[in-house]
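Please study the sequence and the structure shown below.

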Amino acid sequence: MNLLSKTLLRLLAVMTLTLVVPLALTVSCNQPVNPAASPSDYPCSGRCADGNCYDQPCGGSCLCSGGVATETGCADKLDNDDDGKIDCDDDNCAGRPCGDGCGVCGVPRSETNCGDTTDNDQDTLTDCADPDCNGLSCGVGCVCQFPGGALENNCADKIDNDTDGIVDCEDPNCSGLACGAGCVCSVGAPAEKSCADGNDNDSDGSIDCVDLDCNGISCGAGCSCLFGGEAESNCIDVVDNDGDNAIDCEDADCNGLSCGGGCSCIANTKAETTCTDSTDNDDDLLIDCADPDCNGKSCGAGCACGAGEKSETACTDGIDNDGDQVSDCADGDCNAQTCGNGCQCLGFTKSETTCSDGSDNDGDGKIDCDDTDCNAKSCGVGCTCAGAATFETVCIDGTDNDSDQLVDCADADCNNVGCGAGCICKDETKSESACADSLDNDGDGKTDCADSDCNALACGGGCICANAAKTETSCNDNLDNDGDGQTDCADATCNGLSCGTGCSCGGGIKVESTCNDGLDNDGDGKIDCADGSCNGLGCGSGCSCIGGSKVEVNCLDGIDNDGDAKTDCADGSCNGLACGNGCSCVDGLEVEVNCLDGIDNNGDGQADCADGSCNGLGCGNGCSCIGGSKGEVNCLDGIDNDGDAKIDCADGSCNGLGCGNGCSCIGGSKGEVNCLDGIDNDADGKIDCTDGNCNGLSCGAGCSCISAVKIETMCNDNVDNDGDGTSDCADGDCNGLGCGGGCSCIGGSKGEVNCQDGIDNDGDGTSDCADDDCNGSSCGPGCSCSGTAKIETTCNDVLDNDGDTKVDCADGDCNAKSCGTGCFCASSAKHENSCNDALDNDGDTKVDCADGDCNGLSCGAGCSCAAGAKHETACGDGVDNDGDGTSDCADSDCNTQSCGVGCSCGSAGGKLETTCSDAIDNDGDAKADCGDADCLGKACAVGKVCCADGACNC
């Protein structure tokens, strides 16, 4: 039932109620309302007419009122007052409740409980299907919408509140509704909307700006989420709002955003945008037009900024709009601008542009063609100004358009202008121009190709006049267009002309010329690139036929142009070809080759020198990319070629590079490197060796600069290399330097330094040890020169090192020299001198102290060899140093030897106190000083000795 029907029914019910009420008042209620009930239950039943029953119950939902029974229960579906009318149909019920969700009787019923699956207003419509429920709750998290039914409106409780089988955000009803704190339903799923709280509000694993739902939403003061990250949005607060260590305009997020009044962020820096306020809006110390940011922007009425200054743009107002003391056409800025009707500014003055109005438009006293400004401009119908005169341009109207007494073709002005159908003026006469109409268009008695005027003009379809005859030009129509008996490509005149789509005539035959249409255009059985005639021709956009195959030649369009499944640089055929402006394909990769345009030409995120592929390439005049940065390589042009504010040698990248002839950059300055040309190459007032830069450098063959003077370095060429009047060893510079093989300069003369080669290296008549230069020098392994003779120096190698037939210790040279570990030579024999290593060091079968060589030598700590045996020498260390089973004073070796401070070993083997004045028990017998019998008679104080009674007073 629709809403209109329900409304009509309700109106009818009210009308019926109005009619019924009077009748109800006449009904007698003096009958039991419920005959089955006991009279005791209803004391007034059947006696409502009795005044005593006034307002008394007359049954279950019945009340006596005015002498009649009145229905009071209007929702129990019973005729409680027995008047034949039930509930709201009884006029007694008017205004009374008619049950849950129904309202009151006498008023059109309206459903109010929209979630109980009951037709409360008995209009056959239940809950949300009843329009009465529109906008009312249909339960927890549910609201009715009519038409349409129940709608979910609690989208965060994980309950299907509208029982449509879809829960929370998956239910379209939830679109745009909250799904929890910081969460809104969007496109069937939870979406993060609170993007600065550090919470994953939509439980998708992404928090705040990392969640793409937050795109465009604030992530805090001056911050906005952008494509999964935080982006600066307040570019004027000097705060790093997005926490990326870049503030305001330095943050790329701010590009295009305001950085204050008259300021906008552009390319990571502030840029002036208001150029008329005399304010340095971007804080770069440049104001208005002086700031390059203002180029092209308005600097006021009739004014625009350009090249760092104001420029006039209004050129007819008589105002100096740019303040340069000149206005309108006098200002060069107005060049080519209008200066009024029929006037244009040219060359700092007004120029006439309308030349047929009889007006002096530029005010120079000359009108129309008389004004040279009008040259080549129209002076009327069929007329053009030329050199202050008129010029005829319409040559078929029989009119002297330029008023020079010459009409049409007779006027030389008409040359090459049409003079009618098939006619053009040439040389002050008519000339044939239509050559296939069989008409003598110029009236000279000759028709079409027979008229020489037609030479090179068309003589019909596929035909052109040449040498007074027809010539074929359409070579694919199977027609003999020129009537010479030869058709299409067979006609020699077709050579080089098209013979159809993708076909060209060549050598009397058809040749393929379109090589990407999949057609055999010349009918030779070969298609596109497979046809040899296509070699070198294009096979489509970015494709060329080479060697019978398609080859990619456009390497920057992202298209597999030759169909080999490889695109652009990934296609080997692109190797060496451009992949865009400043980009070249190299080994399958896009490589930057223009390293000075500020553009990331190969799209790898790095531009110019920052791109490793630019390393070693030029970044401008005198500039080369080095290690990811610009580097100066022209170090003598006085230009800061790499833009680092350092010029030539002052630029560290010039270090080691040439700064001119004989000049090299060294440590930030010019340095002389040609030290023998007599020129001050580094312009420091010092030439060659006198220039400190030359220190250590060559000043010519055999010459080196040392401490600002020339030094001879080649000492065996008999040349005075340093020009000081002396050469080779005679030159003190050569002292210590070689003068040839085995030769060294010593004290101004040659000296022998190789003393074992048998050669007289210094040319003094003696060689090796015989030359006293060799004294003390080696004459070979184990050999040294001494005096003028060889001596043995290695005495344990079993070699005759000095060639005197004596080996090692047997050679007297070895006396007192080592003959090996624990061995030394003496008296032409080996002798042991390491006496505690248990080794027979001298090979005489005797070891350590058993070897007489060891007598008097140490056999270890506290031990000495004597008489072929070990003997204790340290007698107070508690150690058996000689290994004989007794130690210290118990060892007879210690007799009379010290056993420590104030102690001496006695001849009987015990310790004896020897110091009697130190209050110390030095011998450990529990008696000290005079109390020890050992001290009897020994000094115990100044001038006193110990007495027999143990006192120190004797």
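Predicted model: local features only at pLDDT ≥ 70, side-chain atom pairs only at ≥ 80, totals over all residues.

**Exercise 1.** Determine how many disulfides a search of the whole structure finds, and state how far apart the sulfur atoms of Cys-395 and Cys-414 are.

*Solution.* Step 1: the search of the whole structure gives 65 disulfides. Step 2: the sulfur atoms of Cys-395 and Cys-414 are 1.8 Å apart. A disulfide requires cysteine sulfur atoms within 2.5 Å, and Cys-395 and Cys-414 do form a disulfide.

**Exercise 2.** Find the handedness of the disulfide of Cys-395 and Cys-414, and locate both residues in the chain.

*Solution.* Step 1: the torsion about the S-S bond of this pair is about -95 degrees, so the disulfide is left-handed. Step 2: Cys-395 and Cys-414 both lie in the loop between strand E24 (389-392) and strand E25 (418-420). The two residues are 19 residues apart, and the pair links distant parts of the chain. Step 3: both Cys-395 and Cys-414 are buried.

**Exercise 3.** Decide whether Cys-459 and Cys-463 are buried or exposed, and describe the disulfide that joins them.

*Solution.* Step 1: the cut-off for a buried residue is under 20% relative accessible area. Step 2: Cys-459 has a relative accessible area of 6%, and therefore is buried. Step 3: Cys-463 has a value of 3%, and therefore is buried as well. Step 4: the disulfide between Cys-459 and Cys-463 has an S to S distance of 1.9 Å. Its torsion about the S-S bond is about -80 degrees, so this disulfide is left-handed.

**Exercise 4.** Describe the disulfide of Cys-769 and Cys-785, and state where each residue lies.

*Solution.* Step 1: the sulfur atoms of Cys-769 and Cys-785 are 1.9 Å apart. Step 2: the link is left-handed, with -80 degrees about the S-S bond. Step 3: Cys-769 is in the loop between strand E51 (749-752) and strand E52 (778-780), whereas Cys-785 is in strand E53 (residues 783-786). The pair is 16 residues apart and links distant parts of the chain. Step 4: Cys-769 counts as buried because its relative accessibility is 4%. Cys-785, at 2%, likewise counts as buried.

**Exercise 5.** Identify the residues that form a nonpolar patch on the surface, and classify Leu-212 as buried or exposed.

*Solution.* Step 1: the patch consists of Leu-212, Leu-226 and Phe-227, which together have about 360 Å² of accessible area. Step 2: Leu-212 lies in the loop between strand E9 (189-192) and strand E10 (218-220). Step 3: an exposed residue has over 50% relative accessible area. Leu-212 has 57%, and is therefore exposed.

Conventions. Residues numbered from 1 in each chain as written. Heavy atoms only, no water. Patch = residues over 30% accessible without salt bridge, like charges linked within 9 Å, V, L, I, M, F, W, Y side chains within 5 Å. Areas by Shrake-Rupley, 256 points an atom, 1.4 Å probe, with all protein chains shown as cover. Salt bridge = Lys/Arg side-chain N within 4 Å of Asp/Glu carboxyl O. Helix = DSSP H or I, 4+ residues; strand = E, 2+ residues; numbered from the N terminus. Buried < 20%, exposed > 50% of the residue type's maximum accessible area, 1.4 Å probe, protein only.
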